[in-house]
Amino acid sequence: MISYPEDRRQRALDTATSHPDRSARQRAREKATAWTAAIEEMLAGRVRPGSRTPVADLPAWVTLDVLHGGFTSGKALAEGPLRPWELTFARRHGLPRTRQALFDHLLSNPDDLDALADGPARVALPEEAALPVLAWLLRAGDEASALSLLSRIGPFGGRLCFAPEPIGTGQVPGPETAWRETVGEVRATLARRRPNERVEAMRTTLQVWNGYADRMLALWLRSAVDGRIGVRLDDEWCRDARALLVEYRRLAAESPPSRRHAGPKANLTALRTAAEDVLGGRQWRRGLVQTVADDMVRRRGAPGSERLTALRSGQAAVAAIPPHHVAAHALAARLAEFPQHTGLVEPPALDTDTPASIRAVVRRATAAPIEELIETGLVPSAEVLARLAPRIAAQAVSAAYPDPALRTLMAENYLAFRNRRSLLLTDLQSQVRLEELPWVRSAEGHKHPGESRAAVGTALRRLGGLTLRTFPGTLIPNPMVRELSQLSREAWLELPWVEELAADIFDGRFVVKFLHAAQLAGELLFGTIYEWYYGIDYRAIGRIDERDARISPRFAMLCRERAGTRSGWGSPAQNGMVIEQAQILTTHNLATLVRAGAELDPDGAARCFALARRLAVQPLDLRRVKDIAYAWRQMMFHLAMSDDVAGFVAGLPADGPLGPAVAGLRAAVRGEQVEPFTGWSTRRHWMLPPR
């Protein structure tokens, strides 16, 4: 597995040396350093990629630094140098500047420990909820659970930070709100804004070089007699020419001119070079200077004329508009007054001349209900919706804790846990679950699941409905699948949620929940156009009995047969074909969402087809073809749930890139067996133009 990290490291090094943006080069250097550390740890045997516990001396519940592709650098995010707030805490209490000293102090000082559970704090990593939970358990008289928790985290007290950063009071968004980015993230984006080179070049032209060119033109016009340039080159003219040439060198050093004024064919270059030749006693190009001067006067007017004065006045007004990066930096400074770890309840008033691009950045911190964010266009994709989903799930899941302080703490812990990046896992291992965290397990006895069941069910239906209605035709991202699965468990619903599998590491096996998802889909889709179009025998699938198995060999065999491949796994294209068949059989959670009570979009089929058609008219590659196939498959699911299949299909346009697929669907409606539209293929896909 060393080839992938080495490739990412080399790409980062290339970016670090070649990217024109300084901040991008710095970020690339940091990535290269992280990849180098990961490779060294792998070669030394201290990191085992693909394992649930890839770092030998850290348990699975520790939040690791995870790089692209699920590889880890071998470091825990909660370790490293003391945070600024930890240093402040150590100074205030006269403690050695070590994490062990802080850990021991908090355990031996109940008042300080209680403050962690009661005071406003920012739980950025799940580990930071451990000591607050410990404090709550002790205060609740549950010493056995507290000691059990301490036995799990104690060995790491000198290495990992188990306490959250205290934060000041301020206006905090309500539990039902969400935001795309925190104020701190928006501030960082604004602060990184750099001058636009093209805009700055234009401003330099307007503010510096246009005026200089006017003065140089005026100098040559003074030398004219009866319209003939260069007749009167007296001492006064030479003195002024010399001063202008000195001024040119100064201005060029301070504000380098663009090719418009410094290129070999530029008007200013012709006038300036001729002045240098005159002062140097050399032959100068009178005809060229005459042509250039006449052309400049004809196009803009002579210096001092009303026409040129009005033009330069308008250009000066444009140049006086503050550059976008200056406005961005000023706004970043204003945002420092707001809480940095949340969204904006009341965004600061922006000036009417604030650039639209900067307004768009600030809007990403807007705190509002998710439905409102969707309506205002702040949720542009299913992936962004999935990132917001934990805000809904956290409140529903934490409702099982009757105590308000513990409930708030567990909601913060949930959100921090959802920020963990997934590890690369092999051998059908699963990612760490929320309930595996020692502090969550220790507080289990104080949880009353029945009290939250209604809230969890409502949240499940809400998220499910948003998933189905907001971005129909788009594959449900794995982070959203994870939220739906968590809510299902909390609601005591045995529903089979299936993730998107990676074709490059697929080993040919499916866990048994894929079979269960296909059987659930069969209960909904038996006898529909979906079953007929894709050539599925849901009745036969329903008879497969592997309820006690961990993996489902028969489901895997069925997917291979449908994909037309015999081997368990092969190239990414072969694997992709097998995985796609699994998505077809299971509907990739669409049927499960309906079983969970999510409402379908009445116009879902039409919206899915519209998306497929928009994608099909764009330049096509394999990735886009797969996206079109996703949209087509979801259109088929919505169509199977409708009452007028024939009418809908008859109204589909038969022209364009999707024409063959539409023709096949019409044939299926007539009862013919057809080759269904799929995205993966080991041959060149029919939608792609010939090579």
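A salt bridge is defined here as a side-chain nitrogen of Lys or Arg within 4 Å of a carboxyl oxygen of Asp or Glu. The model is predicted, so that local features need pLDDT of at least 70 and side-chain atom pairs count only at pLDDT 80 or more, whereas totals for chains, interfaces and linings use all residues. Residues are numbered from 1 along each chain as its sequence is written, and side-chain values use heavy atoms, with hydrogens and water left out.

**View 1. Salt bridge between Glu247 and Arg215.** The N to O distance of this pair is 2.6 Å. Helices (H or I, at least four residues) and strands (E, at least two) are DSSP runs, numbered from the N terminus. Glu247 counts as buried at 19% relative accessibility, while Arg215, at 36%, is partly exposed. Buried denotes under 20% relative accessible area, exposed over 50%, and partly exposed in between (1.4 Å probe, protein chains only).

**View 2. Salt bridge between Asp57 and Arg159.** The closest N and O atoms lie 3.0 Å apart. Asp57 belongs to the loop between helix H2 (22–43) and strand E1 (64–66), and Arg159 to the loop between helix H7 (143–153) and strand E4 (165–166); the pair links distant parts of the chain, 102 residues apart. Asp57 is partly exposed at 47% relative accessibility, as is Arg159 at 25%.

**View 3. Salt bridge between Arg272 and Glu276.** Here the closest N and O atoms are 3.4 Å apart. Both residues lie in helix H12 (residues 267–279), and because they are four residues apart, about one helical turn separates them. Arg272 is buried at 13% relative accessibility, and Glu276 is partly exposed at 29%. Elsewhere, salt bridges that share partners join Asp57, Glu79 and Arg159 into one network. The whole structure holds 29 salt bridges.

**View 4. Largest nonpolar core.** A nonpolar core is a set of buried Ala, Val, Leu, Ile, Met, Phe, Trp, Tyr and Cys residues joined through side-chain atoms within 4.5 Å. Among the 156 residues of this core, Leu131, Trp439, Tyr530, Trp632 and Met636 touch the most other members. Helix H18 (residues 382–398) makes the greatest contribution, 11 residues.

**View 5. Surroundings of Tyr530.** Neighbours within four places in sequence aside, Tyr530 is in contact (heavy atoms within 4.5 Å) with residues including Leu525, Ile536, Tyr538, Met636 and Phe637.
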